[in-house]
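Dear colleague,

Please find below the structure that I am handing over to you.

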Amino acid sequence: MSRPPRILLPHTVVMLTSRVQQGLPFVCAPLMDLILWSALAVAQNLYPVKVIAFVVMGNHIHLIVLVEDPTMVESFMERFKCETAHSINRLLGRRQVTVWCEGYDSPVILTIDDLVEKLAYVYANPVRAHRCASIGDYQGVSSWKMFSSEQTSREVKRIRRTFLVPIAMGKVSWAVRQQEASIVENQATETLTFKLNPNAWTAAFPSQSSPEILNARVVRRVKEIETEMATMRERERISLPSELEVTSQPIDAPYSPKKFGRRMWCICGDIPLRTAFISFIKGLREKARKARLEWLQGNLRMPFPVGLFPPAYPMLANVLPAYFRRSLFVM
């Protein structure tokens, strides 16, 4: 069965998730921090998407964003994945190897309660994965520190792929990792600004909650999850990795994901609302099918539904006369 098509509706909040095909390349190391922050800032400066929250794990990324222009979100994700893929390949000393899985998931968050739960889910993801006891201790890249300190912008170095060379594989010392980062950072003279918009959700949920109340709910829920995970670790005797184990994790560690979530159209605990939304999306898809049929029949003025990504216009005829094509062939 094919996966549902991607749908990005204006004035909605969506949760974007994408993972790499194999390995755990996004290690907690200074050079990787530079690369990831640079990739986010480059993507956002070219395609200004309002990012509400994000966290980067070893093999995937979660972002919660406000959709204003669907094409901007699509281009933002393509650019971020392109920047990071080229960087990973250069660090591993390889060429033209696919890093990311195709596409990404982008379910719409339909209620304010679902938004609180998903924001907490994103920030508690490292805790759920038993990488740390608290998101505040996470050594990877996330927006938690910006969110918790009410910092809305961060200046980052623009790391170009030409600055990068293959690095040491396997486990190496923290000093070596710092030296790798310093060499690259010293080449970077351009600075970009990454902006976090933690309260951008108010455009999708007007008058449903104040930012202060919702943010407090998110923090409280994150703490609850951290307590739940601490109880689970004690019950199941799960040990957290030491700081040395985290910082010395090799970028070329072999890993193949065992779980693959199914693509969803929405995230909603309100069953009637979820049912109504899915019916609405099915109606949009039906309009898209009709528009595509009209295009195939030559009526290219039939509009495609906003929020769905249309295929390329069909080639209805070859505009070059036959004799001209023959002359080009002879030449």
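In the protein chain, 78% of the contacts with a separation of 6 or more are between residues 24 or more positions apart, where contact means heavy atoms within 4.5 Å. Please note that this is a predicted model, in which local features need pLDDT of at least 70 and side-chain atom pairs count only at pLDDT 80 or more, while totals for chains, interfaces and linings use all residues. Residues are numbered from 1 along each chain as its sequence is written, and side-chain values use heavy atoms, with hydrogens and water left out.

Overall description

The secondary structure of the protein chain consists of 10 helices and 7 strands; these are DSSP runs numbered from the N terminus, with helices (H or I) of at least four residues and strands (E) of at least two. Along the principal axes, the C-alpha atoms fill a box of roughly 70 × 60 × 40 Å. The chain has 331 residues, of which 46% count as buried; buried means under 20% relative accessible area, exposed over 50%, and partly exposed in between, with a 1.4 Å probe and protein chains only. The accessible surface comes to about 17,900 Å², and 54% of it belongs to carbon and sulfur atoms, as calculated by the Shrake-Rupley method with a 1.4 Å probe.

There are 42 positive and 29 negative side chains, and the centres of the two sets lie 8 Å apart. Lys and Arg count as positive and Asp and Glu as negative, whereas His and the chain ends are not counted. The place of a charge is taken as NZ of Lys, CZ of Arg, CG of Asp or CD of Glu.

Aromatic rings

Rings of Phe, Tyr and Trp (its six-membered ring) pair if their centres lie within 6.5 Å; planes under 30 degrees apart count as stacked, over 60 as edge-to-face and the rest as tilted. By this rule the count comes to 9 aromatic pairs. In one of them, the ring centres of Phe80 and Trp100 are 6.0 Å apart and the planes are at 55°, so the pair is tilted. Phe80 belongs to helix α2 (residues 70-91) and Trp100 to the loop between α2 and β4 (108-109), so this pair ties together parts that are 20 residues apart in sequence. Phe80 is buried at 1% relative accessibility, and Trp100 is buried at 6%.

The pair of Trp144 and Phe147 is also tilted, because its centres are 5.6 Å apart and its planes at 50°. Both residues lie in helix α5 (residues 144-148), 3 residues apart, about one turn of the helix, and both are buried. Ring pairs also link Phe26, Phe80 and Trp100 into a cluster.

Charges over rings

A charge sits over a ring if NZ of Lys or CZ of Arg is within 6 Å of the ring centre and within 35 degrees of the ring normal. Arg154 lies over the face of Trp37, at 4.0 Å from the ring centre. The charged end of Lys118 sits over the ring of Tyr121, 4.8 Å from its centre.

Backbone and individual residues

Most residues other than glycine have a negative phi. His130, not a glycine, has a positive phi of about 60°; His130 is in the loop between α4 (125-128) and α5 and is buried, with a relative accessible area of 16%. Glu150, likewise not a glycine, has a positive phi of about 55°. Glu150 is placed in the loop between α5 and β5 (153-157) and is exposed at 72% relative accessibility.

Yours sincerely
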